[in-house]
Amino acid sequence: MKTGILGGGQLARMLALAGVPLGARFSFVDPSENACAGDVGRLIVGEWDDRDTLMKLADCDHITCEFENVPARALEILADAGKPVRPAANAFAAAQDRLVEKRMFESLDIAVAPFAPVSGRAELLDALDRVGWPAVLKTRRMGYDGKGQYVLYSPEDLEPAWAELGGDDLILERLIDFDFECSITAVRSNDGQVRCYPLSRTIHEGGILRLAASPAGIPDSVQKRAEEFAQRLLAHLDYVGCLTLELFADGDSLLANEFAPRVHNSAHWTIEGAVCSQFENHVRAVCDLPLGSTDLRQPSILFNWIGRLPAASRMLETKNLHWHDYNKQARPGRKVGHATLVADSWPALQRAADEIRPLLPDPLDRLVGELTTL
Ligand code: ADP
Ligand code: MG
């Protein structure tokens with residue numbers, strides 16, 4: 001069973017680490033010869049629009065992607081060669097453009113923050129009238145980890161926002177004063193079976209995910225609503241594989257922010273915390289194997305290592321802490337690893353997280369307090 005993955009970063013690496021025990025073997029296509037998935041499978045170095053590069057996946061039985069901005073051209077070349085990609089091109093088309101994505105959510109009765117397209121300076125003022133203050137201006141395409149966004153609190157922010165992002169391909173959204181952020185990861189098989197993981201409570205700073213936890217005091221009613229949203233989205237896209245829907249919980253309302261047509265950082269804790277991880281379930285779905293259980297095995301908190309790894313030795317001495325070093329070069333803002341702390345109960349996990357606080361780099365030492373005081 002040979003599986004090709006477009007992209008050779010940490011998500012591809014963790015897909016292979018989960019898929020090898022199932023008997024799968026992996027090839028990755030990535031423009032970088034240092035792509036970290038190369039440690040765990042065959043790395044094919046080349047450009048996305050290069051037919052010869054992509055044709056090196058010809059011996060693969062199944063093809064999937066580890067990132068959403070895969071160029072349409074790459075998907076076309078593979079489709080022409082009779083190599084379908086799972087999930088399919090329609091999911092990428094919807095996820096790559098925030099305006100298309102938000103309109104799709106609305107058409108599926110998935111609630112979203114008020115939004116308006118912006119294709120010029122004058123239209124921005126109209127959009128602000130419709131959406132209301134404060135608002136966030138975003139590029140429609142290619143944003144990630146909070147990049148390509150500018151929050152508008154007052155008219156004084158208009159000039160700098162326009163200087164940074166101004167163009168004809170933008171979207172304005174109301175800035176939601178949410179109670180908390182969470183995300184749901186779900187998996188769908190080719191024959192339409194769907195399984196949902198317990199919600200991850202997520203904490204972002206500077207637009208980047210820093211912490212995720214599950215379970216984390218989220219009411220069952222929110223879980224149920226999130227599952228309904230995910231099911232509608234998966235069925236509409238006739239989706240195969242894992243997908244994550246990011247959400248804002250605001251009082252009684254649950255608003256969808258965006259979705260990712262792939263395995264997702266907020267569900268990395270499922271490696272240790274769920275019966276079958278998001279990575280294994282994605283491989284199972286893509287390779288037409290029966291889906292695994294998405295049930296919680298043990299309460300988990302995920303710590304993201306951004307920029308560089310903290311010193312490993314004391315972490316490794318910590319009972320019930322699982323260490324994941326992606327073998328990537330340190331660089332500001334880059335995701336270079338994570339750790340998952342688990343315990344038998346949520347209160348025991350809160351205590352364990354408090355105990356390792358002195359080992360955590362800034363800002364995790366501070367942000368983890370939001371979980372330990374819940
Ligand atoms: P990215 O593709 O960079 O993840 P997101 O739209 O998810 O883009 O934005 C990153 C983070 O910025 C979100 O997780 C959230 O914390 C914050 N954010 C984005 N849009 C809004 C919004 N409309 N209201 C409040 N916070 C927002
Ligand atoms: Mg996001």
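Is Asp 97 buried or exposed? At 2% relative accessibility, Asp 97 counts as buried, where buried means under 20% relative accessible area, exposed over 50% and partly exposed in between, with a 1.4 Å probe and protein chains only. The model is predicted, so local features need pLDDT of at least 70 and side-chain atom pairs count only at pLDDT 80 or more, while totals for chains, interfaces and linings use all residues. Residues are numbered from 1 along each chain as its sequence is written, and side-chain values use heavy atoms, with hydrogens and water left out.

Side chains of opposite charge can pair when their charged atoms come close. The structure holds 19 salt bridges, a salt bridge being a side-chain nitrogen of Lys or Arg within 4 Å of a carboxyl oxygen of Asp or Glu. One of them joins Asp 97 to Arg 140, with the closest N and O atoms 2.7 Å apart. Asp 97 lies in the loop between H4 and helix H5 (98–107), and Arg 140 in the loop between strand E6 (135–139) and strand E7 (149–152), so the pair ties together parts that are 43 residues apart in sequence. Helices (H or I, at least four residues) and strands (E, at least two) are DSSP runs, numbered from the N terminus. Arg 140 is buried as well, with a relative accessible area of 18%. Arg 140 also meets Asp 169 in a salt bridge (3.5 Å, N to O). Through shared partners, salt bridges join Asp 97, Arg 140, Arg 141 and Asp 169 into one network. Within it, Asp 169 counts as partly exposed, at 34% relative accessibility.

A further salt bridge is formed by the side chains of Arg 98 and Glu 258 (3.1 Å, N to O). This pair links distant parts of the chain, with Arg 98 in helix H5 and Glu 258 in strand E14 (residues 253–260), 160 residues apart.

Lys 83, in the loop between helix H3 (72–80) and helix H4 (89–95), presents another case. Lys 83 is buried yet has no salt bridge, and the nearest side chain of opposite charge, Asp 61, is 6.1 Å away. A polar atom of the Lys 83 side chain lies 3.1 Å from the backbone oxygen of Ala 58.

The aromatic residues come next. A pair of aromatic rings is described by the distance of the centres and the angle of the planes. Rings of Phe, Tyr and Trp (its six-membered ring) pair if their centres lie within 6.5 Å; planes under 30 degrees apart count as stacked, over 60 as edge-to-face and the rest as tilted. By this rule the count comes to 6 aromatic pairs. The rings of Trp 48 and Phe 67 have centres 5.2 Å apart and planes at 40 degrees, so this pair is tilted. Trp 48 is buried, with a relative accessible area of 14%. The rings of Phe 303 and Trp 305, with centres 6.2 Å apart and planes at 10 degrees, are therefore stacked. Phe 303, Trp 305 and Trp 323 form one aromatic cluster.

Helix H10 (residues 278–286) is mostly covered, with 9 of its 9 residues buried. The elements that cover them include helix H1 (10–19), strand E2 (25–30) and H9. Just after H10, Asp 288 takes a positive phi of about 60 degrees.

Key: Chains are lettered from A and ligands numbered from 1 in the order in which they are written. Lys and Arg count as positive and Asp and Glu as negative; His and the chain ends are not counted. A polar contact is a pair of N or O atoms within 3.5 Å; within protein, one must be able to donate a hydrogen and the other to accept it, and residues adjacent in sequence count only if both atoms are side-chain atoms. Contact means heavy atoms within 4.5 Å.
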